[in-house]
Amino acid sequence: MVIERLPALIAASALALLLGGCASNDADPEPVVTLPPSAPLQPAPIEERIKAQLDLAEGYIAIGDASRARTALDRALELDSRNSTTHDLFGRLDQMQGDAELAERHFRMAVRSDSGDARVRNDYGVFLYQQGRYADAVE
C-alpha cells in the first residue's frame, strides 16, 4: 500500500518544497544591485564623422536627393571647412542642379585643398569639359 501511494507522496513533498520557497520575509529584503557609473559617451573622431557625412552625401547625390545631400555636406563642412572631398561633392551637387558658377567655386576649393587628389581633379576636368572649356579641362 505504501508503494502505491509513493508517487503521490513524492508529488506532495515536491509541491510543499516549492511552495515553501515562495514565502517571503519582509525583514530580509533582496539585495539591490548597483552598477558602477559608466564612462560618458565620447563622440567619434572628426575624421570618422566627416567620412560618415560624406558617405551619406554621396549616396543622396547618387539617388538625386539634393536636399539631404546638401544637409550632409553642410555638416561635413562644419567639421572641416577645407576638406577637398566635401568641396568636390558640393561641386558635383551644384553641377547637378545647374549652378555652374557655384560648382566651379567648390571644385577650385577642392583642388586648392588637395591638388594631388585624382578624383577631385577628374571631377573638375569633367565639369570644365561639359562647360566647353576644353583647354582648361586638359590642365
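Helices α5 (100–113), α6 and α7 (134–138) each supply at least two residues of the lining of the largest pocket, where helices are DSSP runs of H or I with at least four residues, strands are runs of E with at least two, and both are numbered from the N terminus. This is a predicted model, in which local features need pLDDT of at least 70 and side-chain atom pairs count only at pLDDT 80 or more, while totals for chains, interfaces and linings use all residues. Residues are numbered from 1 along each chain as its sequence is written, and side-chain values use heavy atoms, with hydrogens and water left out.

The largest pocket has a volume of about 210 Å³. On a 1 Å grid over the protein atoms alone, a pocket is an open set of points with protein on both sides within 12 Å along at least five of seven lines, whereas a cavity is a set where a 1.4 Å probe fits but cannot get out; lining residues have an atom within 4 Å of a point. Grid points are joined across faces, edges and corners, and the volume is the space filled by probe spheres set on the points. The largest share of this lining, 4 residues, comes from α6, and the lining as a whole divides into 4 nonpolar, 1 polar and 5 charged residues (Ala, Val, Leu, Ile, Met, Phe, Trp, Tyr, Cys and Pro count as nonpolar, Asp, Glu, Lys and Arg as charged, and the others, Gly among them, as polar).

One of the lining residues is Tyr-124, which also forms a stacked aromatic pair with Phe-127, at 6.4 Å centre to centre and 15° between the planes. Rings of Phe, Tyr and Trp (its six-membered ring) pair if their centres lie within 6.5 Å, and planes under 30 degrees apart count as stacked, over 60 as edge-to-face and the rest as tilted. Both residues lie in helix α6 (residues 118–130), 3 residues apart, about one turn of the helix. Tyr-124 counts as buried because its relative accessibility is 13%, and Phe-127 does so at 1% (buried means under 20% relative accessible area, exposed over 50%, partly exposed in between, with a 1.4 Å probe and protein chains only). Ring pairs link Phe-107, Tyr-124 and Phe-127 into a cluster.

Elsewhere, the largest nonpolar core has 12 residues, including Ile-50, Leu-73 and Phe-90; such a core is a set of buried Ala, Val, Leu, Ile, Met, Phe, Trp, Tyr and Cys residues joined through side-chain atoms within 4.5 Å. Helix α3 gives the most to this core, with 5 residues. Apart from it lies another core, of 8 residues, among them Phe-107 and Tyr-124.
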